[in-house]
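The structure is shown first.

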There are 2 protein chains.
Amino acid sequence: MKQVPAIGVDLGGQNLRIALVTPAGIVREGIQLPVGSDRSAAAVARQIGEGIRAIVAKEGGVRLPVGCGIPGIVDADQGLVHASPNFPPWHDEPIASMISAECGCDVHIDNDANLHALGEAVRGAGRGHRNTVMLTLGTGIGGGLVFDGRVFHGDAGFAGEVGHIVVEPEGPVCGCGGRGCLELYAAARGFRLLASRLPSAERDALLAAAGLDLSALTPEVMARLDDAGERIARQLWQEFGRYLGIGIATLVNVLGVMTFVIGGGITRSWERFQEEARRSALEHTYPHHAERLRLLRAELGEDAGVLGAAIHACAE
Amino acid sequence: MKQVPAIGVDLGGQNLRIALVTPAGIVREGIQLPVGSDRSAAAVARQIGEGIRAIVAKEGGVRLPVGCGIPGIVDADQGLVHASPNFPPWHDEPIASMISAECGCDVHIDNDANLHALGEAVRGAGRGHRNTVMLTLGTGIGGGLVFDGRVFHGDAGFAGEVGHIVVEPEGPVCGCGGRGCLELYAAARGFRLLASRLPSAERDALLAAAGLDLSALTPEVMARLDDAGERIARQLWQEFGRYLGIGIATLVNVLGVMTFVIGGGITRSWERFQEEARRSALEHTYPHHAERLRLLRAELGEDAGVLGAAIHACAE
């Protein structure tokens with residue numbers, strides 16, 4: 001891997017971050033701005049290119065390598081974005097070369113969750129570990145597999161869909177078309193399902209304490225109820241952790257990887273679920289893994305994306 | 001990868017196979033013999049070394065690279081076998097250098113299931129595909145992950161324990177210490193569990209047709225009952241396939257790999273379960289994977305081990 005400054009770009013559905021990253025992994029010259037209203041590939045590439053040019057100009061015009069994380073189905077080798085839920089007009093757009101044409105730098109793209117995982121694996125909670133799996137707990141669960149300092153893509157660029165590990169074969173239908181996927185239980189939306197399975201008296205008591213209906217049981221509400229000493233809230237955080245651990249156990253057994261970095265807003269409640277997640281992971285795998293299994297809380301926050309993108313820029 | 005002849009060794013609990021493998025992947029000069037009664041590491045290394053020397057002598061004394069598959073917990077990088085259920089006296093044995101000292105050739109070892117998977121991936125049913133997961137359905141389920149023509153080991157050399165994907169979180173306890181592992185349902189032993197969950201009238205009818213008790217419901221018995229038109233036997237083969245498909249779906253979602261090679265004696269009943277395995281895998285993953293997902297029956301039989309070992313010998 002080249003040890004040079006690089007530019008990391010993290011394109012989200014709403015915001016665009018662009019930063020200069022030093023060889024030591026320090027984020028400098030950060031720009032954050034809203035994505036423009038014209039969401040065509042040409043317009044977004046132009047906006048990203050302008051941001052890159054501004055940083056290049058500040059650096060005396062040196063053409064730095066650029067890495068760019070993009071939400072959607074990305075072919076990193078070809079520099080193509082097949083489709084993106086955040087940018088509906090995009091179909092097989094050669095975004096890497098479009099951005100390159102705007103800024104004159106070499107541009108390497110990958111899926112944004114993969115580059116978040118790469119950032120955390122190399123510069124964040126996973127640093128020093130050979131292989132890392134990242135799980136980002138949001139509305140669903142994003143993920144990324146980083147083996148030997150590189151993102152593993154599988155056959156079609158969609159490796160790391162860890163939210164769709166099947167944890168309840170007869171569970172409810174998931175947005176992926178499957179059933180009983182991990183993200184139905186151990187992500188923000190999970191509390192609605194977990195609460196709906198409670199005996200009705202317990203469920204009613206929980207909703208009365210919350211003063212809300214089932215659909216409003218967010219992690220924030222559940223954290224507030226737990227802080228207020230609601231026993232059922234505590235129990236559902238344990239259930240949340242238990243399912244997360246089952247998914248992690250499957251990852252341990254399949255991949256033989258022992259380092260897991262867990263990110264996303266729900267990690268504000270880390271202490272509410274991490275112990276149960278660990279216990280459950282160890283319950284579902286070989287007991288001798290106990291001393292090697294590491295469940296680590298993500299460290300880099302928003303910087304993970306631009307850091308991972310800068311690492312990706314230098315990976316060739 | 002060097003294109004040279006190599007010697008492949010496949011050590012089993014009972015038998016030892018040693019073969020010369022040509023650069024084109026043709027198995028020649030095969031030796032098969034029972035493992036000697038002295039099961040110490042020194043004695044087994046000596047026996048393997050003698051077999052290699054016999055082949056080297058026939059080849060005019062040229063020292064060929066040797067690959068060797070060994071059952072147990074193997075550190076391929078270090079050439080160590082930490083432990084082996086088939087060779088209880090072994091503890092952290094430097095088997096690669098012990099065999100090398102006996103035969104004068106460079107020796108590279110790996111877990112036997114990994115090298116079976118490598119053989120099938122490169123020379124067998126998986127040839128031409130970039131990434132392959134192998135599942136060997138025996139008493140349990142062995143496995144191996146082959147990415148870009150190489151075995152993936154994870155952190156501790158035990159990647160590919162696909163039999164321990166959790167498919168029923170509240171299922172029975174498994175030998176690994178976990179619960180509800182795939183191999184409790186979709187391997188030879190699975191039929192006992194699947195039959196035990198039947199309504200009692202159906203279970204009794206099945207056992208009466210078999211003239212056997214529950215513990216005797218092997219795949220061979222189930223195949224015979226299916227051939228005889230027993231409806232419940234057909235139904236249990238579907239259940240077997242359904243669970244296999246759930247495990248495969250999780251592998252698709254985690255790894256983004258679309259090529260699965262399925263081996264082991266139960267594949268004699270391939271037509272009884274493969275369609276349901278495929279249906280179930282697609283039910284639990286993104287629908288657009290349908291046209292790319294390949295469930296392939298292993299092709300190489302016993303040769304997979306020595307072929308994979310020879311490929312491993314030339315991988316450096």
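This is a predicted model: local features need pLDDT of at least 70, side-chain atom pairs count only at pLDDT 80 or more; totals for chains, interfaces and linings use all residues.

The path from β11(A) through helix α8 (residues 270–283) of chain A to β12(A) makes a right-handed β-α-β unit.

How many of the five residues of strand β11 (residues 259–263) of chain A are buried? Five of the five are, and the strand is accordingly described as mostly covered. In a regular strand the side chains alternate between the two faces of the sheet. In β11(A) both faces are covered, with A:T259, A:V261 and A:G263 buried on one side and A:F260 and A:I262 buried on the other.

## The relation between the chains

Two copies of a chain are related by a rotation about an axis and a shift along it. For this model, chain A is superposed on chain B by a rotation of 180° with 0.0 Å of shift along its axis, at an RMSD of 0.0 Å. That is the relation of a two-fold axis. The same surface serves both copies, since 100% of the contact residues of chain A recur in chain B.

## The interface

Contact between the chains involves 46 residues of chain A and 46 residues of chain B. The area buried between chain A and chain B is about 3800 Å², with carbon and sulfur atoms giving 55% of it. On the side of chain A, the residues that lose the most area to chain B are A:D155, A:F158 and A:V254, which together account for 17% of what that side buries.

Between chain A and chain B the count of salt bridges is six. A salt bridge joins A:R130 to B:D77, with the closest N and O atoms 3.8 Å apart.

B:A313 lies in helix α9 (residues 303–313) of chain B. This residue counts as buried because its relative accessible area is 2%, under the 20% cut-off. Leaving aside neighbours within four places in sequence, B:A313 is in contact with B:A6, B:P65, B:V66, B:G67 and B:H108. B:A313 and B:Q78 are 235 residues apart in sequence, while their C-alpha atoms are 14 Å apart in space.

Conventions:
Residues are numbered from 1 along each chain as its sequence is written. Chains are lettered from A and ligands numbered from 1 in the order in which they are written. Side-chain values use heavy atoms; hydrogens and water are left out. Copies are superposed by least squares on the C-alpha atoms of residues with pLDDT of at least 70 in both. Contact means heavy atoms within 4.5 Å. Buried means under 20% relative accessible area, exposed over 50%, partly exposed in between (1.4 Å probe, protein chains only). Helices (H or I, at least four residues) and strands (E, at least two) are DSSP runs, numbered from the N terminus. A crossover is right-handed if, with the strands pointing away from the viewer, the path from the first strand over the helix to the second runs clockwise. Buried area is the accessible area (1.4 Å probe) that two parts lose on being put together, summed over both. A salt bridge is a side-chain nitrogen of Lys or Arg within 4 Å of a carboxyl oxygen of Asp or Glu.
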